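Hi,

Here is the structure I promised to pass on. Have a look at it first, then read my notes below.

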Amino acid sequence: LAASGGTAVIDCATAPTAPTVAVDAPNFAHVLEVRGVVLRNCATGVRVASVAGNARAKGDVVVRDVYADALNDAVVVSNARSALLHRVTARNARTAVHATACATVRVAACDVRDSTKSTTAFVYAKDTTRAHVYNTRLADLRTSGLTVSFDNRAAAVSSFNVSHSLVTRVRCGGNGCVSSRQANGDTAVANVYNTTFDGIDGQWGAAFKYHSRNAGTVSRCRFYNVRGQGGGAIWVHAKVHLEHTEFVNVTSSRNAADGKGGALVLGDRPTTMHNCTFINCRAVHAGGGAIHVESDGELKATDLYFRNCTTGASGGALELLATTDITNATIHACAAARHGGGVAVAAGSQRVSFTNVTVENCTAAVVGGGGGGSG
């Protein structure tokens, strides 16, 4: 389906038969392309999905240069070999794309904005082998669920990527506006590259939550003005590498039991970090103004910078409950309401090693202006 000599407009509210699906192609086995179309007021814009009693769709789906306004679901695809959304604008939609059991899903150069409808996710890939969100803006969204969700319960191996994108002015009711999970946490690989998160309000790991037994990467990202319940920006229970990434004005606001890690909570697997910056990060009631390392985690880091990070408990910049090795770091003007204005090391931590680490102008109300034990 393509517009000829202009833009085709399909308005379900004014159509003679008031369809709920603007473009419906069940069981499509080859290539379906929808381009140059405006879709309005439909329950679903483009649907390529199996219908009860019929064979599954197995083809390739391309939705390009489409403007979807006031839809429940802009694009719904299931059991396709591949699905590509390119230059799609979804405004006031429950989901921009809902993809299930597809080999590959790509969302490129899209604009998802101005919606409070979602209860699951605006970009939702379920049981999909590979998914990539690229050069896409998600703005002015509110959801009781997530913004981008990679929920893999069936595929044996899966890879999920978000890159060169902007997520801004978003409020999420779920854990992690961008979230990846897999049954038993086995093989999901999640990577976030060169993406900005600005003005995010969420739960645990408000911007990104990742649980896996495999490795992931956060590289050249920016987390600005993020507020979460615990692990303000990122909560990972996986083997993760973070590099060339900055956290500015990131807050964890939950209670003393759950609100640890103003910017990061790291656990379950080893984490490596290089060249990361933390400015004005805060754990309001719990430990680790910038970073909390869980007792089952491990941190090896180089070239870190902390400034004006604070906690209502211990560890103005760092609270360490596990093996930690940090080389080349500056911790400046951080503060704790209890122990360790710069760093708090919990009793029982296996090994903590600092090389060429400067702690300056840090304060603690109880003990250890620079560093101290947290009990």
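Before the notes, one term: a residue is called buried if its relative accessible area is under 20%, exposed if it is over 50%, and partly exposed in between, using a 1.4 Å probe and protein chains only. Also, this is a predicted model, so local features need pLDDT of at least 70 and side-chain atom pairs count only at pLDDT 80 or more, while totals for chains, interfaces and linings use all residues. Residues are numbered from 1 along each chain as its sequence is written, and side-chain values use heavy atoms, with hydrogens and water left out.

Let's start with Arg 220. Its relative accessible area is 47%, so Arg 220 is partly exposed. You'll find Arg 220 in the loop between β20 (208-219) and β21 (222-228). (Strands are DSSP runs of E with at least two residues, and helices are runs of H or I with at least four, numbered from the N terminus.) Arg 220 isn't a glycine, yet it has a positive phi of about 55°.

Asn 92 also has a positive phi of about 55° without being a glycine. Asn 92 lies in the loop between β7 and β8 (95-100), and with a relative accessible area of 25% it counts as partly exposed.

Next, Arg 91, which belongs to strand β7 (residues 82-91). If you skip its neighbours within four places in sequence, Arg 91 is in contact (heavy atoms within 4.5 Å) with Tyr 67, Ala 68, Asp 69, Ala 70, Arg 113 and Asp 114.

Now the cysteines. A disulfide is a covalent bond between the sulfur atoms of two cysteines. The rule used here is a pair of cysteine sulfur atoms within 2.5 Å, and that gives a count of 1 disulfide.

Which cysteines form the disulfide? They are Cys 172 and Cys 177, with sulfur atoms 2.1 Å apart. The link is right-handed, with 120° about the S-S bond. Cys 172 is buried at 3% relative accessible area, and Cys 177 is buried at 0%.

Cys 281 is in no disulfide either, with the nearest cysteine sulfur, in Cys 309, 4.4 Å away. Cys 281 is buried, with a relative accessible area of 1%.

Cheers
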